[in-house]
Amino acid sequence: MSSLLPLFVIVPLAAGFIAPLGQFWNQTHGARTVRALALLAGACLLAGSLALLGRGPVVCWIGGWPEPGRATVGLSLVVDGLTELLLVTVNTIAFLALLYSWSYVQRFTGQVLYYCLFLIMLAGMNGVVLSGDLFNVFVFMEVAVMASYALVAFGVDRSELEASFKYIILGSVSSLFVLLGVGLLYNLTGQLNMALVAQHLAAREPTPAVWLAAGCFVMGFGLKSAMVPFHAWLPDAHPSAPAPISAMLSGVLIKAAGVYALCRILFNVFGMTSPTGSAYAHVLMTLGALSMVIGVLLAIGQWDFKRLLAYHSISQMGYVLLSIGVGGAVLAAGGSKTVAGLAVFGGLFHLVNHAVFKGLLFLCSGAVEYATGTRDLHELGGLKKNMPATSGCCRVAALAIAGVPPFNGFFSKLIIIVAVAAAGYWMLAGMAVFVSFMTLLSFVKVQRYVLEGTPAHTTAAVREVPFPMQVAMVGLAIGCLLLGVLAPLHKDRLITPAGRVLTDERAYAATFQPPTFDVTIPEIAARPDSQERQP
Amino acid sequence: MTFGTLPYVLALVLMLIGLYVIVAKKNIIKIILGVLILEHSINLFLLLQGYRHGGTAPIRAPGQLDTEAFAATSVDPLPQALILTSIVIGLGCLALMVCLAVRLYERFGTFDITRIRELRG
Amino acid sequence: MPAGMSLIVKTVARLAVSFITVFGIYIIIYGHLTPGGGFAGGTILAAGLVLLLLAFGRQRARQIVTHEAVITWDCMGALGFAAVAVLGYVAGGFFVNFLARGEPYHLASGGTIVLSNSAIGAKVGAGLFGMFWALAAFRSSRTKEEQP
Amino acid sequence: MDPVLWVLLALMAFMIIGSLIAAETDDLLSAVVCVGAVGAGLAIIDLFLGAPDLAITQIVVETLSVVILIRVVLTRKDETHETHKDTLLVGGVLLTLGVFLVIGAWAMTALHPFGEPLLAGEGGGVASDYLARGLAETGAANYVTAVLLDYRAYDTLGEATVIFVSIIGAYVILRQKGRLHHAGGNESHR
């Protein structure tokens, strides 16, 4: 079973490699076949990720390394609760986005290349989430973001090219920071396997070089997840992409290649209970709180539908980081495990919810643009009569992001606010409430100008979007509702195990021991006290 | 600061020059060159991790050294493998950046980033 | 420039390209014994083709290497490498080296490394050349677009 | 004192000077050539530090990059002259980078110094294992290839994918037209 884990990467990769050949076949048949192939691959991945739920922790050693009794010379794929959660999220959104693309992308040229890039981006995200090796995380992150650079410019309009250029420059800089961090850690530990690096770092006093490495990772992944003050590229890049890609970028890419990687490395490699853990946690909290507030303030004044959504992405990801950071701070201070667990739970729950409702919102904005040809809020209005499905879904998503019960956003925000307050950060909890209120206001504006009001001349004669797009949107809307009301049912399978990975941070290093490790780490074996520090 | 740290610091200086070009210059081609310099510096930094004094290349020829003597003198092959990967990734990145630059020039008629301003950041 | 450069350049280029190609293939095939490998060799192959393009001009180069051939080689190389990875399942797992390790220092050693190197070489060579070509061809079609 | 260190320091000084010239010259073509020289310097450093594989790849990739960049620069008129230097911005950037430099240099003193990596001393990390068993286990005499295509072949798959993506991405970006018809498009003419 564990040997099948690489299929999560190789299936979309192989489909992506085949896709460009479709253009040499007959024009219509080629495109249709590639579309079907992509959808099939997406469906397989979704089924696979659902089947994986609750199976972890599983480790797959690639290439048959190590043989029994060997050190960790090879690469490993690791599945634990957090990975399962991210895999399900990524592949669900990807499948629905592929379904949506079925009609949407027919308005573009070069469809075949679109599917090729989409599938490879998906493979890259799955690779990042599964990987158990620092450098491997870097490589697959590059795969995912490299495809996204090209996809942002897919329409090759002026604004799209400019956005893509900004994105690629900041993206390369952030990737290189990550690489520098990997190099520093390799110098210090002689290992690249995350579990082994974690064991090494736990066994010695943190030196300035360790802080520098942590700083590099924060810079790199902070840029990738568009935390304020590293956010400048996101409001340009995400709106410029075709709508299903916007949904993928905002919905899952900034999570898989940004927040997930940052949390995995800070919690499971550097360790929150290490002497400097409190500093890491406060960095996360500060970034989160800044993003939360500044993102929503910038969103208020936007009149471009997708740009407004992009600013809300920054703000909502701020919630996630704030909550996880508070969890880390409680852990670092040796506080109550329950509060830490609650905070991390809230953060991860919000991460999933954000993927669902922000994906839905971007798909809705795409549907509006598809039907009317504009995304300027001034020119829209009165769509609820002609586009019932789209406006219904848009309304559900807006209620979810604004935190109105019974949708999923309400529950995760409530948990976050309660956990932050319980940890003693009353100011931050107040800010979270304030931001939630501002989000509500902002989405009342969206409702008012897009769905309500009198139809403008551009929107008088619009028709509902094609069926596959409706199906994708309705699917996500149902997700918004079910994730909220069925929380008691799914939390123990989906989110609690993921939260435990972060709160029992040493478990990651301890569970995934290589068959032996006296070969690799004689230093640790020589120091008995360091062994005892790991439970 | 000892001699042993000096190469790292010089690599860091190179890195900062790259960052300076990216942040302070207004020309698209210059910015791309800044990214290239940054890539070179990081590759250099990784390479410095693998060297040991008097080290030889990690390639064996028939009838030279036995494995133990080789393992005691060879430099570390792992950073080299990492750098190879990173060089290729850098080339891919450069290809995309150049394509974007060409395309931007076609659309805007200039390499000046301050005059390419459709979006308000 | 579409007509290519002068006769001298063309003659030298014709000679050089064959040597460059052979050298590239050597670098690829012997990657596991000597310095080099799929990426270096593939880039050398691409550089040889670029020389061809620069010396003979786009029309002539297009006759020698077609657009379809470039994309097909690119995809096939990538698929070939992926196939090496998947074939590892025959021997027990993803990316397991399923061929015999062979005798050290001989060409037939290292198991699948030669196969991987060849696939990567084909992919990188075709791909980089295709990219250069796309860039070179783009400039000439620019006049058709409306100027800003 | 390792003689390689002196060569290394000289070459690194060359690289730094080259990149400074590239940063400050007004002529794009010279800037491109300077960065090419920096890359060539790196290739020579590769040779001295026992990395012939890297030297080959670096020099070939650098050549190709410079050819591409020169082609792009030569055929396009550049009228960007940084006449009005934004001194406040440049000063701020330099100050920030200076702070980075000090912090970085201070932190790097805690690293294993140059020439004495972990693999030489106690607990040589994963690298000593590669060196001890690479040939026997993979059959490849070139250890870098052994690491690249056998031990860490999965990384290399990702790397091959990156170059594939960048080429497909180049085709995508260089398409003449993005949308089939502009009825629902958003060509931004505001």
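**Notebook: confidence, one interface, one chain**

I looked up confidence first: chain A averages a pLDDT of 88, and 94% of its residues score at least 70. pLDDT is the predictor's confidence in each residue, from 0 to 100. I note that this is a predicted model, in which local features need pLDDT of at least 70, side-chain atom pairs count only at pLDDT 80 or more, and totals for chains, interfaces and linings use all residues. Residues are numbered from 1 along each chain as its sequence is written, while chains are lettered from A and ligands numbered from 1 in the order in which they are written.

I then checked residues 515-535 of chain A, where pLDDT stays under 50 and the model has 32 contacts beyond four places in sequence. A contact here means two residues whose C-beta atoms, placed from the backbone, lie within 7 Å. Where pLDDT is low, the predicted coordinates should not be read in detail.

Next I turned to chains B and D: 76 residues of chain B and 84 residues of chain D take part in their contact. On the chain B side, α1 (6-24), α2 (28-50), α3 (67-73) and α4 (77-108) each give two or more residues. α4(B) gives the most, with 23 residues.

I found seven helices and zero strands, in the order α-α-α-α-α-α-α along the sequence. Helices (H or I, at least four residues) and strands (E, at least two) are DSSP runs, numbered from the N terminus. Among chain D contacts between residues at least 6 apart in sequence, 34% join residues at least 24 apart.
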